[in-house]
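Here is my note on the model, point by point. Please keep the structure open while you read.

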Amino acid sequence: MNLGYPLGAASQALPSLHPGERLLWAAYGRTLNYDVRGLDPWGVPKKSVLGKLGSGAANFAGDMVGAALGGGDDSGASNPPSPQVIVLGEQGGIAHSAVRELSTSGSLSRLWALTSTRLLVLEKVVPPETPSKKSFMSKAIGFGKDIAAIMTTKTYGENAEGVPIARHEMVPRAEIPRGSIAGFSVAEHGKKRRPCLRASFVDGSGMDFLFDCDDPRQFAWLHSVTVS
């Protein structure tokens, strides 16, 4: 058990459902990668694609974009972190279009939920910072209290000892209607044949949900809940 984890995914997802919508499963999945033709794992166009423009400047631009977003080169010198969700198919497909605006490494609170009407991606609301109007003296006193609290209270990520784990306000960031989902299956992803739950969409694209789990029985259970 990791005490730094947020509230259970199902409990966190339920308030975001519409009236009459039924939750089938929910799971946290921070890291998103791509297995899409022409894109690297971070969703950035590969240099070979940009090179088709016939310009050396295009290759240079591709290098700069990849570096800025943390992308690795074709040599494998830089490998992506282990993903929890992998997008499959073609650029512009249902899977790619639905999540292309999401960062490949989201917050620990990013969760994926399948309901009776849609596949939903939720993320924690981050309120904008507001300028403080406190005086210098009150800020100094508050800072001293904060330091004292830190020294005497154990913290686990966003959670603190003796404080109930709070429910975050979540906002939908992406969704795919059930009518666009052709089905689900228990599958194996990549050369390492990692077990996963695979969502297949009507255009042939899909998503592999790995969720940091290597037990095929867990995905068999997840599949049974999905099709029930």
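1. Start with the open sheet. Five strands make it up, in the order β2-β3-β11-β10-β9, and the pairing is mixed. β2 (32-36) and β9 (181-189) are the edge strands, each pairing on one side only. From one strand to the next, the twist averages 25°. Helix α6 packs on this sheet and touches β9, β10 (194-201) and β11. The direction of α6 makes about 25° with that of β10. Bear in mind that this is a predicted model.

2. Now the wider chain. The protein chain holds six helices and 11 strands. It has 228 residues, and 36% of them are buried. Take the contacts with a separation of 6 or more: 66% of these are between residues 24 or more positions apart. The chain exposes about 13600 Å², with 57% of that supplied by carbon and sulfur atoms.

3. Inside the sheet, look at one pairing. Strand β3 (residues 85-89) pairs with strand β11 (residues 206-209) in the antiparallel sense, over four bridges. I86 has D208 as its bridge partner in β11.

4. β1 runs antiparallel to strand β4 (residues 111-115), and five bridges join the two. The bridge partner of W25 in β4 is L114.

5. Which residue has a side chain in polar contact with the side chain of W25? T226 does, at 2.9 Å. T226 is found in helix α6 (residues 216-226). T226 has a relative accessible area of 3%, under the 20% cut-off, so it counts as buried. Leaving out residues up to four places away in sequence, T226 touches L24, W25, L114, R178, F184 and L197.

6. V225 is buried, at a relative accessible area of 17%. V225 and W25 lie 200 residues apart in sequence, yet their C-alpha atoms are 7.3 Å apart in space.

7. Next, the nonpolar interior. In soluble globular proteins, nonpolar side chains tend to be buried together. Here the largest nonpolar core has 30 residues. W25, V99, W112, L119, M207 and F209 have the most contacts inside that core. A second, separate core has 10 residues, including A9, L17, L23 and L122.

8. Residues up to four places away in sequence are not counted. W112 touches W25, A26, A27, G29, L32 and V85, among others. The list also includes V99, L120, V121, M207, F209 and F211.

9. Two backbone angles are worth checking. R193 is not a glycine, although its phi is positive, at about 55°. F211 is likewise a residue other than glycine with a positive phi, near 50°. Where do these two residues lie? R193 is in the loop between β9 and β10, and F211 is in the loop between β11 and α6.

10. Are R193 and F211 buried or exposed? R193 counts as exposed because its relative accessibility, 54%, is over the 50% cut-off. F211 is buried, with a relative accessible area of 16%. F211 is also one of the residues that W112 touches.

11. Finish with R194, which has its place in strand β10. R194 counts as buried because its relative accessibility of 18% is under 20%. The side chain of R194 makes a polar contact of 3.4 Å with the side chain of S82. Setting aside neighbours within four places in sequence, R194 is in contact with S82, P83, A187, E188, H189, L210, D212 and D214.

How values were computed: Residues are numbered from 1 along each chain as its sequence is written. This is a predicted model: local features need pLDDT of at least 70, side-chain atom pairs count only at pLDDT 80 or more; totals for chains, interfaces and linings use all residues. Side-chain values use heavy atoms; hydrogens and water are left out. Buried means under 20% relative accessible area, exposed over 50%, partly exposed in between (1.4 Å probe, protein chains only). Contact means heavy atoms within 4.5 Å. Accessible areas come from the Shrake-Rupley method with a 1.4 Å probe; for residues, only the protein chains shown count as cover. Two strands pair if DSSP finds at least two bridges between them. A polar contact is a pair of N or O atoms within 3.5 Å; within protein, one must be able to donate a hydrogen and the other to accept it, and residues adjacent in sequence count only if both atoms are side-chain atoms. Axes are lines fitted to C-alpha atoms, for helices over the stretch in contact, and angles run from 0 to 180 degrees between N-to-C directions. A nonpolar core is a set of buried Ala, Val, Leu, Ile, Met, Phe, Trp, Tyr and Cys residues joined through side-chain atoms within 4.5 Å.
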